[in-house]
Amino acid sequence: MSAKYAILGLVIERPGYGYQLAQRLEERFGSSAFAPSGVYSALDQLSRDELVRAAGEIGPGPARRAAPRMIYEATDEGVDHFEAWMLGSSPAPPLRDELHMKIALCRPRNVQPLIDMVYGQELACLARLRDLKQLSHHELAGSEQEWSRLMRTLARDAEIASWKARIEWLQNARELLERLLEESRVLDTRGGPTPTARPRANGRLGRLHAL
Amino acid sequence: MDAPLLTLEAVSKSYWRGPHELRVLTELSLEMGAGEFHVVWGKPGAGKTTLLKIAAGLETCDRGSVRFAGIDLACIPEAEHARLMREQIAWIRRGGPSSDLPILDYVALPLLPTFGHRRAYATARDAMARVGIGECVQRRWKSLSDGERALVGIARGVARSPSLLLVDDPTTNLGLREREQLAALLRDLADSGVGVLMTVPDMKEMMSAHQIATLSGGRLLAPPEIAPHAPPPERPENVIAFPGARRRG
């Protein structure tokens with residue numbers, strides 16, 4: 001998702017300059033939700049579309065060689081555009097991702113690398129939960145209005161539910177892949193088909209294709 | 001350097017259903033210190049209760065070792081383990097008294113042999129006040145809400161001022177606000193120096209923890225912060241596999 005509407009919403013809440021907005025974006029959504037460079041391209045696009053405008057500059061700060069920093073504020077059109085976005089429908093996220101496809105199309109010799117890949121994704125999901133946990137502590141420490149805090153908690157809960165569903169699916173996939181790999185090794189030691197052999201249509205490893 | 005409060009090294013555990021082996025924990029390792037709050041999430045049947053029982057020394061593992069403050073729980077006499085369970089390790093599980101006692105009696109009961117009547121009841125009152133159910137002392141189990149019952153369990157645990165709290169799915173059946181209150185209470189207990197290892201059925205409770213992990217397929221998986229003593233994993237085996245010696249069991 002583009003950072004455009006997130007930046008516009010933050011500017012409507014309070015004008016700010018690029019670096020400040022990048023920090024606020026990270027505080028609000030976590031470090032990995034948006035790339036920091038996306039803030040500047042979003043501001044460029046919002047400026048071109050006349051949804052935000054320059055509201056002045058502040059000095060370069062302690063680093064005197066740096067250029068003055070431009071402060072952005074929302075235009076009336078920007079506020080209207082944001083309200084329209086807020087009331088518009090939000091598309092459901094895509095169900096299939098690359099890992100789904102890899103598992104659906106994997107061959108027996110791919111099982112071990114896929115297990116490692118699934119582990120990697122589980123760790124990545126847990127790292128996102130860890131980031132959310134740190135955001136939660138930041139929110140608890142903040143002195144924001146209760147209403148704003150609750151809205152952010154609700155948004156955070158949606159993210160947790162999404163990561164939980166993802167982790168559960170990854171765990172199921174990993175457990176099944178590990179079981180199939182182990183069974184294939186047992187078959188191998190008994191002189192059955194090897195993991196690199198072409199699976200029979202109804203063989204245990206053939207079931208990978210039905211995931 | 002002081003030994004970590006709790007160390008599980010390469011713990012494996014299986015149950016047998018006839019000829020079929022059901023592997024519950026596979027070379028699972030975990031280390032936590034005093035004042036740390038670890039939360040482990042897992043699906044039903046993932047082995048969360050088994051993990052806590054093994055951490056408490058209430059159940060033996062097939063392979064690996066469990067140390068509390070450097071003491072190998074498999075190598076101490078039963079009387080010494082019973083003393084640790086009275087004084088240092090609190091295992092808190094769901095469930096209540098078999099008879100409908102006043103709650104104060106229920107909390108004070110395990111303290112009587114060690115503390116005597118007067119001190120046991122004073123300590124039980126303090127523990128109930130500490131967890132926020134001071135007004136429930138004369139109420140009975142059947143009259144309590146699920147949230148209050150969970151807090152009674154915590155009060156029974158903290159009454160003995162343990163070093164380690166092992167809390168088994170305390171948030172099941174609780175509403176959102178009660179779950180948050182319970183998690184905040186356990187975080188406060190950890191901040192006061194108690195090591196807390198809690199298993200949960202929902203990930204929202206993980207948000208109060210210092211460190212989080214998931215349990216699945218017998219393996220504990222955690223983002224790097226949960227294993228500060230281990231090198232960052234390139235492959236998950238680095239997190240979960242430690243060399244371990246075979247112990248009793």
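This is a predicted model: local features need pLDDT of at least 70, side-chain atom pairs count only at pLDDT 80 or more; totals for chains, interfaces and linings use all residues.
**Entry 1: helices H2 and H3 of chain A**

I began with helix H2 (residues 18-29) of chain A, whose axis comes within 9 Å of that of H3(A), the two crossing at roughly 120 degrees. H2(A) and H3(A) are therefore oblique to each other, and I noted the crossing of H2(A) and H3(A) as right-handed. Looking up the residues in contact, I found that A:Gly18, A:Leu21, A:Ala22 and A:Leu25 on the H2(A) side meet A:Val39, A:Tyr40 and A:Leu43 on the H3(A) side. Sorted by class, this contact of H2(A) with H3(A) holds 6 nonpolar residues, 1 polar residue and no charged residues.

**Entry 2: helices H1 and H3 of chain A**

I then turned to helix H1 (residues 4-13) of chain A, whose axis comes within 9 Å of that of helix H3 (residues 37-48) of chain A and crosses it at roughly 75 degrees. That angle makes H1(A) roughly perpendicular to H3(A). From H1(A), the residues A:Lys4, A:Ile7 and A:Leu8 meet A:Val39, A:Ala42, A:Leu43, A:Gln45 and A:Leu46 of H3(A). By class I recorded 6 nonpolar, 1 polar and 1 charged residues for the contact of H1(A) with H3(A).

**Entry 3: chain A as a whole**

How many helices and strands does chain A have? I find 7 helices and 3 strands in its secondary structure, and from the N terminus on the elements run α-β-α-α-β-β-α-α-α-α. Of the 211 residues in chain A, 22% are buried. Among the contacts of chain A between residues at least 6 apart in sequence, 62% join residues at least 24 apart.

**Entry 4: where chain A meets chain B**

The contact takes 20 residues from chain A and 16 residues from chain B. On the side of chain A that touches chain B, helix H6 (111-141) and helix H7 (146-189) of chain A each supply at least two residues, and the largest share, 11 residues, comes from H6(A).

**Entry 5: chain B and its sheet**

For chain B I noted 8 helices and 10 strands, with buried residues making up 47% of its 249 residues. Of the contacts in chain B with a separation of 6 or more, 69% are accounted for by residues 24 or more positions apart.

In chain B I looked up an open sheet of 6 strands, which follow the order E6-E7-E8-E3-E9-E10 with mixed pairing. Which strands lie at the edges of this sheet? They are strand E6 (89-92) and strand E10 (219-221) of chain B, each of which pairs on one side only, and the twist from one strand to the next averages 20 degrees.

Within the sheet I followed strand E7 (residues 164-168) of chain B, which runs parallel to strand E8 (residues 195-200) of chain B and is joined to it by 5 bridges; as one example, B:Val167 has B:Met198 in E8(B) as its bridge partner. Finally, I saw that helix H7 (residues 176-191) of chain B packs on the sheet, where it touches strand E3 (37-41), E7 and E8 of chain B, and that the direction of this helix makes about 155 degrees with that of E8(B).

Definitions and conventions:
Residues are numbered from 1 along each chain as its sequence is written. Chains are lettered from A and ligands numbered from 1 in the order in which they are written. Axes are lines fitted to C-alpha atoms, for helices over the stretch in contact, and angles run from 0 to 180 degrees between N-to-C directions. Helices (H or I, at least four residues) and strands (E, at least two) are DSSP runs, numbered from the N terminus. Angles under 35 degrees count as roughly parallel, over 145 as roughly antiparallel, 65 to 115 as roughly perpendicular and the rest as oblique. Two residues are in contact if their C-beta atoms, placed from the backbone, lie within 7 Å. Ala, Val, Leu, Ile, Met, Phe, Trp, Tyr, Cys and Pro count as nonpolar, Asp, Glu, Lys and Arg as charged, and the others, Gly among them, as polar. A residue is buried if 20 or more other C-beta atoms lie within 10 Å of its own, exposed if 12 or fewer, and partly exposed in between; C-beta atoms are placed from the backbone. A crossing is left-handed if the near helix is turned anticlockwise from the far one by less than a right angle, and right-handed if clockwise. Two strands pair if DSSP finds at least two bridges between them.
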